[in-house]
Amino acid sequence: MTPLAPHLAAFFQVRLPVERQVSPHTLSTYAYAFQLLLRFAHLRLGIRPSALYLEQIDAPLILAFLEYLEVERQNSPISRNARLAAVKSFMRFIEYRVPSAIEQVRRILAIPEKRSDQKLVTHLTVSEMKAVLDAPDPHTRSGIRDRAMLHLGFTAGLRVSELVGLRLDDVTLQSSTSIVLVRGKGRRERALPMTRETTEAIRGWLAVRGSACVPELFLNARRSQLTRAGFEYVLDKHVRAASAFCPSLAA
């Protein structure tokens, strides 16, 4: 049996950042996919991630994982395919490192992507956006943080990975025009101006953020970087609260 941990560590520490020089966005996306996979494997097999063997990450497990994403997490086919792409990238890495796993790799690489219709991206109305922005409690630390995140995400049009990946030094607050530096897909950077309301919301968060061992702008309750899953939970909570005053959000 082949321990999974050394190969997974080499994939994320050497293969992706050094050999392939992938962008931080891609690295974050792949890491999140494996966080979900390892959590699923633990629940299904009853084995901690550090004790998993490569042979246990086989095609039946991956197929069950993809079904779990669609049924229980209600991921779209696009998200499902993105998680599968991360797994396949790892398996292509494995086929040159572990010759005995070639048949296992072949079966996983043969798993097809799921076709999906390209849907028109919907948008929030002004009243819906205002209802969500007003949902966080402005008298609590988490509410101040959430309001700042939502303001910045809405007005700058940021992806979740871009929002949670922002660092303190990416934000420049000025009396005239405040700027946020965003690092997006493909290592592209863009500097975006912030509205007065967003600037004030960010100032409010910085006043209560406090010190932390991580450089990211937005922190979770443990003063670590807020994750994608953490932001999704926050957003879902405030959308549900806002839907009581704006029923169209529940549609």
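**H1 against H2**

I began with the crossing of H1 and H2, and found that H1 passes H2 in a right-handed crossing. I kept in mind throughout that this is a predicted model. Next I looked up the geometry of the pair: helix H1 (residues 5–19) and H2 pack at an angle of about 170°, and their axes lie 11 Å apart. Angles over 145 degrees count as roughly antiparallel, so I noted H1 and H2 as roughly antiparallel to each other.

Then I listed who touches whom. From H1 the contact takes in Leu8, Phe11, Phe12, Leu16 and Pro17, and H2 answers with Leu27, Tyr30, Ala31, Phe34 and Leu38. I sorted these by class and got 10 nonpolar residues, with no polar and no charged ones.

**H2 against H4**

I stayed with helix H2 (residues 24–45) and turned to helix H4 (residues 77–97). Here I read an angle of about 95°, with the axes 9 Å apart.

On the H2 side I wrote down Thr29, Tyr30, Tyr32, Ala33, Phe34, Leu36 and Leu37; on the H4 side, Arg83, Ala85, Ala86, Val87, Ser89 and Phe90. By class, I noted 10 nonpolar, two polar and one charged residues in this contact.

My next stop was helix H7 (residues 141–156), where I checked the length. With 16 residues at 1.5 Å a residue, H7 should span 22 Å, and its end C-alpha atoms are 22 Å apart, so the two agree.

Which residues of H7 are buried? I found Gly143, Arg145, Asp146, Ala148, Met149, Leu150, His151, Leu152, Gly153 and Ala156. I then looked for what covers them, and my list includes helix H6 (126–133), H8, strand E2 (178–183), strand E3 (189–194), helix H9 (196–209) and helix H10 (228–242).

**Ser161 in H8**

H8 was on that list of covering elements, and I picked out Ser161, which is found in helix H8 (residues 160–164). Is Ser161 buried or exposed? Its relative accessibility is 12% and the cut-off for buried is under 20%, so I counted Ser161 as buried.

I also looked up its contacts: leaving aside neighbours within four places in sequence, Ser161 is in contact with His25 and Arg228. Last, I checked Ser161 against Ser28: they are 133 residues apart in sequence, and their C-alpha atoms are 7.6 Å apart in space.

How values were computed. Residues are numbered from 1 along each chain as its sequence is written. This is a predicted model: local features need pLDDT of at least 70, side-chain atom pairs count only at pLDDT 80 or more; totals for chains, interfaces and linings use all residues. Side-chain values use heavy atoms; hydrogens and water are left out. Axes are lines fitted to C-alpha atoms, for helices over the stretch in contact, and angles run from 0 to 180 degrees between N-to-C directions. Helices (H or I, at least four residues) and strands (E, at least two) are DSSP runs, numbered from the N terminus. Contact means heavy atoms within 4.5 Å. Ala, Val, Leu, Ile, Met, Phe, Trp, Tyr, Cys and Pro count as nonpolar, Asp, Glu, Lys and Arg as charged, and the others, Gly among them, as polar. Angles under 35 degrees count as roughly parallel, over 145 as roughly antiparallel, 65 to 115 as roughly perpendicular and the rest as oblique. A crossing is left-handed if the near helix is turned anticlockwise from the far one by less than a right angle, and right-handed if clockwise. Buried means under 20% relative accessible area, exposed over 50%, partly exposed in between (1.4 Å probe, protein chains only). The expected span of a helix is 1.5 Å times one less than its number of residues.
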